[in-house]
Amino acid sequence: ITAARAGTGLGDTTRKIGDFCVKLTRAAADGYLAQNIVKAAEMSRCDFLETTKLSMGCWVKSSTPNAARIAITDGATTTFSSYHTGGGAWEWLTVTHTVSASATAIDAWLSVYNTASDAYFDGVTLVMSDIAPTQWQPCPKVSGTISWKVNGTVATGNGKDYYAFQRPAIVRDVQ
């Protein structure tokens, strides 16, 4: 497959959310565009995700029936959405996946299959939930360091201090 950006100011102005979307074109073989959610090297620290449900939704546009769909894979199992109907309009596709106990990584896939065709993908939304998102939701990315001082003699144990996140968060490292 080939991947290209489509949208505002480009030769192909197709888009649904914001200024741009991705266009995947299938020529001779099935394929997908993958976004790594949890890398293989990080999976050993993410065993808490085993048996967790992940849900994804995405706006998809295709004029070819049974050619475009989305998926979540964990290296052991892959769960696919239904195919786009091929009606040429934007459709919201969803998929819910249960992370396997033998997961090796977690990826989100945008894919084209079965026949030479084009498909557009926009507004991908991934959540930790067994309820798939009903539409695209903007989520500003915030990255930073949180630190605090422990008074007195530093010792191991529970409940030394707490931090309450103001929104859903992923802790990537603790030192």
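Mentor: What follows is a set of questions about this chain, which is a predicted model, with the reasoning behind each answer.

Trainee: How many helices and strands does the chain have, and in what pattern do they follow one another?

Mentor: The chain has zero helices and nine strands, so that, read along the sequence, the pattern is β-β-β-β-β-β-β-β-β. Along its principal axes, the C-alpha trace spans about 65 × 40 × 25 Å, and of the 175 residues in the chain, 35% are buried.

Trainee: What share of the contacts join residues at least 24 apart in sequence?

Mentor: If we take the contacts between residues at least 6 apart in sequence, 69% of them join residues at least 24 apart.

Trainee: Why is Trp59 called buried?

Mentor: Its relative accessibility is 17%, and buried means under 20%, so Trp59 counts as buried. The same rule applies to Trp92, which at 18% relative accessibility also counts as buried.

Trainee: What makes Trp59 and Trp92 an aromatic pair, and why is the pair called edge-to-face?

Mentor: A pair of aromatic rings is described by the distance of the centres and the angle of the planes. The ring centres of Trp59 and Trp92 are 5.4 Å apart, which is within the 6.5 Å that a pair requires, and their planes stand at 65°, which is over 60, so the pair is edge-to-face.

Trainee: Are Phe80 and Tyr113 buried or partly exposed?

Mentor: Here the two residues fall on opposite sides of the 20% limit: Tyr113, at 10% relative accessibility, counts as buried, while Phe80, with 31%, is partly exposed. The count of aromatic pairs comes to five, and ring pairs link Phe80 and Tyr113 with Tyr32, Tyr83 and Trp109 into a cluster.

Trainee: Which residues have the most contacts inside the largest nonpolar core?

Mentor: They are Val60, Ile70, Ile106, Leu110 and Phe121, in a core of 23 residues. The elements that give two or more residues to this core are β2 (20-26), β4 (53-62), β5 (68-73), β7 (90-98), β8 (106-112) and β9 (117-127). A second, separate core has seven residues, including Ala6, Cys21, Trp90 and Trp92.

Trainee: What does Val60 touch beyond the residues up to four places away in sequence?

Mentor: Val60 touches several residues, among them Ala68, Ile70, Ala89, Trp90 and Phe121. Ala89 lies in the loop between β6 and β7, and, apart from its neighbours within four places, is in contact with Val60, Lys61, Ser62 and His84.

Trainee: Why is Ala89 called partly exposed?

Mentor: Its relative accessible area is 42%, which lies between the 20% and 50% limits, so Ala89 is partly exposed.

Trainee: What makes the phi of Asn66 and Asn114 worth a remark?

Mentor: Most residues other than glycine have a negative phi. Asn66, which is not a glycine, has a positive phi of about 55°, and Asn114, also not a glycine, has a positive phi of about 75°. Asn66 is in the loop between β4 and β5, and Asn114 is in the loop between β8 and β9.

Trainee: Which element gives the largest share of the lining of the largest pocket?

Mentor: That share, six residues, comes from β3. The pocket holds about 2700 Å³ of space and is lined by 48 residues, which divide into 31 nonpolar, ten polar and seven charged.

Conventions. Residues are numbered from 1 along each chain as its sequence is written. This is a predicted model: local features need pLDDT of at least 70, side-chain atom pairs count only at pLDDT 80 or more; totals for chains, interfaces and linings use all residues. Side-chain values use heavy atoms; hydrogens and water are left out. A nonpolar core is a set of buried Ala, Val, Leu, Ile, Met, Phe, Trp, Tyr and Cys residues joined through side-chain atoms within 4.5 Å. Buried means under 20% relative accessible area, exposed over 50%, partly exposed in between (1.4 Å probe, protein chains only). Helices (H or I, at least four residues) and strands (E, at least two) are DSSP runs, numbered from the N terminus. Contact means heavy atoms within 4.5 Å. On a 1 Å grid over the protein atoms alone, a cavity is a set of points where a 1.4 Å probe fits but cannot get out, and a pocket is an open set with protein on both sides within 12 Å along at least five of seven lines; lining residues have an atom within 4 Å of a point. Grid points are joined across faces, edges and corners, and a volume is the space filled by probe spheres set on the points. Ala, Val, Leu, Ile, Met, Phe, Trp, Tyr, Cys and Pro count as nonpolar, Asp, Glu, Lys and Arg as charged, and the others, Gly among them, as polar. Rings of Phe, Tyr and Trp (its six-membered ring) pair if their centres lie within 6.5 Å; planes under 30 degrees apart count as stacked, over 60 as edge-to-face and the rest as tilted.
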